[in-house]
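Subject: Structure for you to look at

Hello,

Here is the structure I promised to pass on.

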Amino acid sequence: QVQLGESGGGLVQTGGSLRLSCASSGRTFSDGHMAWFRQAPGKEREFVGVIRWSDSSTDYADSVKGRFTISGDSAKNTVYLQMNSLKPEDTAVYYCAVARALIPSAALRSRSRYNFWGQGTQVTVSS
């Protein structure tokens, strides 16, 4: 089993920044992906971005590209989501998720591909 714990959420004004962390414990894998998703009230959970363990390659949703950056610290089994230039529409609960096997590029944004999920952390951006 893998346990994931997100932290770093909070309230920030439009244009501000936050850094979320996702620490994983338990079983580790030589490769795979760790992703961030978010869910706003009344909406489906949507893909934000993903990083591959082995080569730190990343992919982002168009809505956050250029503003959000994912990075990883393999020694700490932790992945970060740096969020800059935040907008009210970024308000959501942010979840990290782990896939223990490689996912084809075309499927990286699919929730069903991820095996383990954290409990989420609330991010609120005030206007």
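Below are my notes on the disulfide, the sheet, the core and a few single residues.

First, the ground rules. This is a predicted model, where local features need pLDDT of at least 70, side-chain atom pairs count only at pLDDT 80 or more, and totals for chains, interfaces and linings use all residues. Residues are numbered from 1 along each chain as its sequence is written, and side-chain values use heavy atoms, with hydrogens and water left out.

**The disulfide**

The structure holds one disulfide (a pair of cysteine sulfur atoms within 2.5 Å). C22 is joined to C96, with 2.0 Å from S to S. C22 lies in strand β3 and C96 in strand β9 (residues 92-99), so the bond ties together parts that are 74 residues apart in sequence. Strands here are DSSP runs (E, at least two residues), numbered from the N terminus. The link of C22 and C96 is right-handed, with 60° about the S-S bond. C22 counts as buried, at 0% relative accessibility. C96 is buried too, at 0%. Buried means under 20% relative accessible area, with a 1.4 Å probe and protein chains only.

**The four-stranded sheet**

Next, an open sheet. Its four strands have the order β1-β3-β8-β7, with antiparallel pairing. Two strands pair if DSSP finds at least two bridges between them. The edges are β1 (2-7) and β7 (68-73), each pairing on one side only. From one strand to the next, the twist averages 15°; for such angles, axes are lines fitted to C-alpha atoms, and angles run from 0 to 180 degrees between N-to-C directions. Six bridges link β7 to strand β8 (residues 78-83) in the antiparallel sense. D73 stands opposite T78 in β8.

**Two residues of β3**

S21 lies in strand β3, which covers residues 18-26. At 16% relative accessibility, S21 counts as buried. Beyond its neighbours within four places in sequence, S21 is in contact (heavy atoms within 4.5 Å) with residues including G5, W36 and Y80.

L18 is buried, at 16% relative accessibility. Its contacts, leaving aside neighbours within four places, include V12, L81, M83 and V123. L18 and Q39 are 21 residues apart in sequence, and their C-alpha atoms are 17 Å apart in space.

The largest nonpolar core has 37 residues. Such a core is a set of buried Ala, Val, Leu, Ile, Met, Phe, Trp, Tyr and Cys residues joined through side-chain atoms within 4.5 Å. Among those with the most contacts inside this core are L4, W36, F68 and Y94. Elements that give two or more residues to the core include β4 (33-39), β5 (46-52) and β11 (121-126). The largest share, six residues, comes from β9.

How many of the eight residues of β9 are buried? Seven are, so β9 is largely enclosed by the rest of the structure. Y94 touches E6, W36, F68 and G120, among others, not counting residues up to four places away in sequence.

β9 has several partners. Seven bridges join β4 to β9, and the two run antiparallel. In that pairing, M34 stands opposite V98. β9 and β11 are antiparallel, over three bridges, and A92 has V123 as its bridge partner in β11. Two bridges join β9 to strand β10 (residues 116-117), again antiparallel. There, the bridge partner of A97 is W117.

Best wishes

Note on methods
Buried < 20%, exposed > 50% of the residue type's maximum accessible area, 1.4 Å probe, protein only.
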